[in-house]
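Work through the exercises below with the structure open. Try each task before reading its solution.

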Amino acid sequence: GRLEKAGTETPKVVHFVWDGGRDFRFHDLLSVKSAHKHIEPETIIFHAKNTPKGRWWTEATDIPTFQFQQISPGEDRNDKDQDQEQRGRKTSNFLKTKVDILLREGGIMLDTDTFVLRSFDPLLRYECVLSRGAKGLNLGVLIAKRGAQFL
């Protein structure tokens with residue numbers, strides 16, 4: 001189809017970008033495990049400024065394809081003492097981090113409040129796929145080939 005990009009499929013690599021500011025919770029683990037079960041990725045890469053904490057983090061790191069990758073300070077977005085404008089810039093930087101990773105590596109970017117219920121294989125042939133929520137575009141799921149023009 002016209003939305004498909006010639007060449008290889010999107011890499012079966014799942015990325016999470018952690019914004020920190022709280023412990024790694026049970027629902028975060030469920031998100032990672034659901035991606036592992038239904039997408040069956042080659043690798044799950046968890047990008048964060050600092051290693052997450054909490055009792056569920058260790059269980060996530062036990063997943064055989066799971067990798068932790070440290071990102072540069074200032075790339076996360078969570079600071080409750082900032083004014084609205086500063087938070088907006090941080091959120092923009094957080095989204096930029098996610099997009100930069102997909103442009104550079106390609107793959108499937110998920111938020112930790114996203115639960116995968118079936119395979120994404122049919123979507124991997126498209127250059128870029130965005131998710132839709134109840135109120136329109138939702139960036140909890142981004143799927144893109146490396147260098148996708150839409151991004």
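The exercises concern a predicted model and go from the whole chain to single residues.

**Exercise 1. The fold in outline**

Task: State how many helices and strands the chain has, and give the order of the elements from the N terminus on.

Solution: 
- Step 1. Count the elements. The chain has three helices and six strands.
- Step 2. The order is β-α-β-α-β-α-β-β-β.
- Step 3. Strand β1 covers 13-17, and helix α1 covers residues 26-39. Strand β2 spans 43-48, and α2 spans 57-61. Helix α3 takes in residues 84-105. Strand β4 is 107-110, while β5 is 128-133.

**Exercise 2. Burial and surface of the whole chain**

Solution: 
- Step 1. Look at contacts along the sequence. Among those between residues at least 6 apart, 64% join residues at least 24 apart.

**Exercise 3. A nonpolar patch**

Task: Name the residues that make the nonpolar surface patch of about 410 Å², then classify Leu30 as buried, partly exposed or exposed.

Solution: 
- Step 1. List the members. They are Phe26, Leu30, Phe115 and Leu117.
- Step 2. Locate Leu30. This residue sits in helix α1.
- Step 3. Apply the cut-offs. Leu30 has 35% relative accessibility, so Leu30 counts as partly exposed.

**Exercise 4. Aromatic rings**

Task: Describe the ring pairs that Phe24 forms with Trp18 and with Phe46.

Solution: 
- Step 1. Recall the two quantities. A pair of aromatic rings is described by the distance of the centres and the angle of the planes.
- Step 2. Count the pairs. The structure holds ten aromatic pairs.
- Step 3. Take Trp18 and Phe24. The centres are 5.6 Å apart, the planes make 45°, and the pair is tilted. Trp18 and Phe24 are buried.
- Step 4. Take Phe24 and Phe46. The centres are 5.7 Å apart and the planes stand at 75°, so this pair is edge-to-face. The angle cut-off for that class is over 60 degrees.
- Step 5. Phe24 is in the loop between β1 and α1, and Phe46 is in strand β2. The two are 22 residues apart, and the pair links distant parts of the chain. Phe46 is buried, as is Phe24.
- Step 6. Widen the view. Ring pairs join Phe16, Trp18, Phe24, Phe46, Trp57, Phe66 and Phe68 into a cluster.

**Exercise 5. Thr51 and its contacts**

Task: Find which residues Thr51 contacts, leaving aside neighbours within four places in sequence.

Solution: 
- Step 1. Locate Thr51. It lies in the loop between β2 and α2.
- Step 2. Check accessibility. The relative accessible area of Thr51 is 39%, so Thr51 is partly exposed.
- Step 3. Name the contacts. They are Trp57 and Phe68.
- Step 4. Compare sequence with space. Thr51 and Phe68 are 17 residues apart in sequence, and their C-alpha atoms are 7.8 Å apart.

**Exercise 6. Salt bridges**

Task: Say which parts of the chain are tied together by the bridges Lys12–Asp121 and Asp111–Lys98.

Solution: 
- Step 1. Count. There are six salt bridges in the structure.
- Step 2. Take Lys12 and Asp121. Their side chains meet at 2.9 Å, N to O. Lys12 is in the segment before β1 and Asp121 in the loop between β4 and β5, so the pair ties together parts 109 residues apart in sequence.
- Step 3. Take Asp111 and Lys98. The closest N and O atoms are 2.7 Å apart. Asp111 lies in the loop between β4 and β5 and Lys98 in helix α3, so parts 13 residues apart in sequence are tied together.
- Step 4. Asp111 is partly exposed at 22% relative accessible area. Lys98 has 4% relative accessibility and counts as buried.

Notes. Residues are numbered from 1 along each chain as its sequence is written. This is a predicted model: local features need pLDDT of at least 70, side-chain atom pairs count only at pLDDT 80 or more; totals for chains, interfaces and linings use all residues. Side-chain values use heavy atoms; hydrogens and water are left out. Patches are made of residues with over 30% relative accessible area and no salt bridge: like charges are joined within 9 Å, nonpolar side chains (Val, Leu, Ile, Met, Phe, Trp, Tyr) within 5 Å. Accessible areas come from the Shrake-Rupley method with a 1.4 Å probe; for residues, only the protein chains shown count as cover. A salt bridge is a side-chain nitrogen of Lys or Arg within 4 Å of a carboxyl oxygen of Asp or Glu. Helices (H or I, at least four residues) and strands (E, at least two) are DSSP runs, numbered from the N terminus. Buried means under 20% relative accessible area, exposed over 50%, partly exposed in between (1.4 Å probe, protein chains only). Contact means heavy atoms within 4.5 Å. Rings of Phe, Tyr and Trp (its six-membered ring) pair if their centres lie within 6.5 Å; planes under 30 degrees apart count as stacked, over 60 as edge-to-face and the rest as tilted.
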